[in-house]
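Look at the structure first, then read the points below.

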Amino acid sequence: MAPAGCCCGGCWGGAVAAADAARRVLVLLLLGVLSAGPGPGALATEHYSPLSLLKQELQHRQQQEAPAGGGCSPQSGDWGDQYSAECGESSFLNFHDSDCEPKGSPPCDSLLSLNTEKILSQAKSIAEQKRFPFATDNDSTNEELAIAYVLIGSGLYDEAIRHFSTMLQEEPDLVSAIYGRGIAYGKKGLHILSPLGRINEAVNDLTKAIQLQPSARLYRHRGTLYFISEDYATAHEDFQQSLELNKNQPIAMLYKGLTFFHRGLLKEAIESFKEALKQKVDFIDAYKSLGQAYRELGNFEAATESFQKALLLNQNHVQTLQLRGMMLYHHGSLHEALKNFKRCLQLEPYNEVCQYMKGLSHVAMGQFYEGIKAQTKVMLNDPLPGQKASPEYLKVKYLREYSRYLHAHLDTPLTEYNIDVDLPGSFKDHWAKNLPFLIEDYEEQPGLQPHIKDVLHQNFESYKPEVQELICVADRLGSLMQYETPGFLPNKRIHRAMGLAALEVMQAVQRTWTNSKVRMNGKTRLMQWRDMFDIAVKWRRIADPDQPVLWLDQMPARSLSRGFNNHINLIRANNPKGLLEVREALEKVHKVEDLLPIMKQFNTKTKDGFTVNTKVPSLKDQGKEYDGFTITITGDNVIAYSVIVGALMASGKEVAGKIPKGKLVDFEAMTAPGSEAFSKIAKSWMNLKSISPSYKTLPSVSETFPTLRSMIEVLNTDSSPRCLKKL
């Protein structure tokens, strides 16, 4: 019988004993040929990416195989993409899992060599100790299986697949061979950067093994394959089944949490990550994933604490440094974010995400020379033939061109140029749609001009007292625009930018009532409603140059006609009866949440959620409808709200209330029965009061910050100690 915790897959018949020697000779000859290539192989311990903000992990997985340390359980390695989750104990696709090793087994060397003189002794040692899954009672069979597992551990997946397949031709129900071939298929798919290519074969083998001999291990491995296929609901079922068979599996518990995370069930994910930490208190990846879940909830303090605990366990943990850096960037703490990206690149110089984010952080702070240097390094990392380009690679060329444009206009008065007009229409179209940078007849922006210096750091104390007061008021106003709902991390840089935008709108409207003319784009003319939005757009753009904030009506007409993926068919019906059923069901809908069960009823592809798009009747063009709240590509919500706040202040009313927890201004507007109903709802939380006379004494925002350089300087400065005292 197999030792406790292992499974026996039947006996290898004596009739095949004569073929053993010949098969071993063939394997050894093959190993001898291949050993002339790379050096000795090691047990690969890759890790599946758990956290995806645009599902980029499967687009640009880098394979890194880390040799295992001492003992029978391989150490965790690195899957190489920005959200990878290292397993801590052992990889999901590693056959040295602790639940299959007999208690008290002697220490083992997990570094497998390709030396042909050692291959038989290694396989024999593994077979004798039954240190592979589902060992049998037949020594000869175990040695054959051990050879195939040695091939897997050495990265020779095709050879392992052939070896297992040969065994299965003679014994179709040999569980260990079925399982091992499935693992080899899975590893091969990941190794060639196209995991979906061999997933079906791997799933089929593991499903057959489960039918023959169900175990926690098999459900866990199959769940992993579903996970990397992004079928998170099915993966969750397998991880849950695995945990029911064996509760003490911190890795399975971690991945159960990740299936929640990817479906937007953040609170459930957090509970699973905490449970994993109860089972393994030094589980770095659980702390890292917990930090990312808190970050997605918008809980900056809890996320920071979890990331810090992960780094206390391993200060060189690249993925935690990367994720913490990205959180700090989106929190508006660019200096701190840059430290994390630099440390990440010291440890992993070819980390594309950290390199891109380093360049972006530099550009956002006005350090264009360092920023473009980092961007160029990302551009040089061309995808391999057949490999899909990473999101960073797709974005970096647009960012470089935009960075050059911004640098060239650092000291030009903001009223004298217009980004929407200056940037070519095809460039804006490709950038907004995140298309590959293949633009016909595109003329690159001029390179950096030496006489234009980078933006220097400006101390808060160097500003005049009245300007300091202006900044503090802007910080307070901006914080009132923060959503307190999952997915919205507080960003102090955005707060200040949009607070200044609201103040500038207020001052512009007040001037218009006395003068009625404004200076925009090098011309003096009557002020229009759009001028107020241009002020907010200007500040929103420079707060985060990574996001293309562009006017839709300034995009090429051909581009607009093709759309920006705003329209999504919730339900399709191909017959009148189906349409009637849908119509009857929709009549019962009273709120957005009521749509989900209907979607699940009529659309089998809807598992966990959907996107809603609304139309708004045009007051200008009677009979026409436009996409609700879509005036720019990005940043509409805070842009619109800052304009409202500024206009209200111009009329003598100050917004003193915060947006209630769980409320989204745009969704409240879209789901309200009408404009009057929405106004009533908004007024209830705005807590309007008479504006303080002190606002009249604030300096002019447009005159205090007349150039791009001065705008970046004020967004960079740290006002927290002084402004906190004033509050």
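This is a predicted model: local features need pLDDT of at least 70, side-chain atom pairs count only at pLDDT 80 or more; totals for chains, interfaces and linings use all residues.

A disulfide is a pair of cysteine sulfur atoms within 2.5 Å. Residues are numbered from 1 along each chain as its sequence is written, and side-chain values use heavy atoms, with hydrogens and water left out.

How many disulfides does a search of the whole structure find? It finds 2.

**Disulfide of Cys 472 and Cys 723**

- Cys 472 and Cys 723 are joined with an S to S distance of 2.0 Å.
- The link of Cys 472 and Cys 723 is left-handed, with -90° about the S-S bond.
- This pair links distant parts of the chain, 251 residues apart: Cys 472 sits in helix 20 (residues 465-479) and Cys 723 in helix 31 (residues 720-726).
- Helices (H or I, at least four residues) and strands (E, at least two) are DSSP runs, numbered from the N terminus.
- Both Cys 472 and Cys 723 are buried (under 20% relative accessible area; exposed is over 50%, partly exposed in between; 1.4 Å probe, protein chains only).

**Disulfide of Cys 344 and Cys 354**

- Cys 344 is bonded to Cys 354, S to S 2.1 Å.
- The link of Cys 344 and Cys 354 is right-handed, with 95° about the S-S bond.
- Cys 344 lies in helix 14 (residues 334-347) and Cys 354 in helix 15 (residues 352-364), 10 residues apart.
- Cys 344 is buried, with a relative accessible area of 0%.
- Cys 354 is buried too, with a relative accessible area of 0%.

**Helix 10 against helix 11**

- Helix 10 (residues 266-279) and helix 11 (residues 284-297) pack at about 160°, with axes 9 Å apart.
- Axes are lines fitted to C-alpha atoms, for helices over the stretch in contact, and angles run from 0 to 180 degrees between N-to-C directions.
- Helix 10 and helix 11 are therefore roughly antiparallel (angles over 145 degrees; under 35 is roughly parallel, 65 to 115 roughly perpendicular, the rest oblique).

**Helix 9 against helix 11**

- The axes of helix 9 (residues 250-262) and helix 11 come within 11 Å and cross at roughly 20°.
- Helix 9 and helix 11 are therefore roughly parallel to each other.
- Contact means heavy atoms within 4.5 Å.
- On helix 9, the contact is made by Leu 254, Leu 258 and Phe 261.
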